[in-house]
Amino acid sequence: MEEDYGVTDSPRKGPTLSTSTSSFEPFDAHDPNLSRLATKMFQKTGDYITHELASTVDDYKLIESMNRAMMGKVADMRQMSQSIAVKNAELNQKYEDLKPLLQRIDDIESTVDKLEAAAYQLDSYSIRLENKFKSLKAKQ
């Protein structure tokens, strides 16, 4: 058997290397309506792809502008957080400066509470003493 290495015969042009059974021959006359429709289809497909790519470009532009806006917001937030950190450090320092005074206030409050308790005890004792004095005076 003789090998033909994939060479087939075209119905119009003779042997070709194609394994296609299509009857399309590039230089033959075609139906003008079919040619017009094919051209129209390729134009519409090109328009579709162009619009799809333009839409994708618009999406990327939108994402880019959103990223830029977000970068600005992040920069503002970073500046604000740095300012808050500075103010927080200042407040902590002021608290540390006031801590001894606050301790003194707590000590004074404790002393006042003790004095108040002593005053109540003294008042209670003086009332008992007065009642005892009145009872002794009444007996005389």
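This is a predicted model: local features need pLDDT of at least 70, side-chain atom pairs count only at pLDDT 80 or more; totals for chains, interfaces and linings use all residues.

Mentor: The side chains of Lys134 and Glu130 form a salt bridge, with 3.4 Å from N to O. Lys134 and Glu130 are about one helical turn apart, because four residues separate them in helix α1. Glu130 has a relative accessibility of 42%, so Glu130 counts as partly exposed.

A search of the whole structure gives three salt bridges. One of them joins Arg68 to Glu64, where the closest N and O atoms are 2.6 Å apart. Arg68 and Glu64 are both in helix α1, four residues apart, which is about one turn of the helix. Arg68 is exposed, at a relative accessible area of 54%, while Glu64 is partly exposed, at 40%.

Another pairs Glu90 with Lys87, and here the closest N and O atoms are 4.0 Å apart. Both Glu90 and Lys87 belong to helix α1, with a spacing of three residues, about one turn of the helix. Glu90 is partly exposed, since its relative accessibility is 38%. Side chains of opposite charge can pair when their charged atoms come close.

Helix α1 covers residues 32–139 and also holds Ile105. With 51% relative accessibility, Ile105 counts as exposed.

As for the setting, the protein chain has one helix and two strands, in the order β-β-α along the sequence. Of its 140 residues, 3% count as buried. The chain exposes about 13,400 Å², with carbon and sulfur atoms supplying 61% of that area.

Technical notes
Residues are numbered from 1 along each chain as its sequence is written. Side-chain values use heavy atoms; hydrogens and water are left out. Buried means under 20% relative accessible area, exposed over 50%, partly exposed in between (1.4 Å probe, protein chains only). Accessible areas come from the Shrake-Rupley method with a 1.4 Å probe; for residues, only the protein chains shown count as cover.
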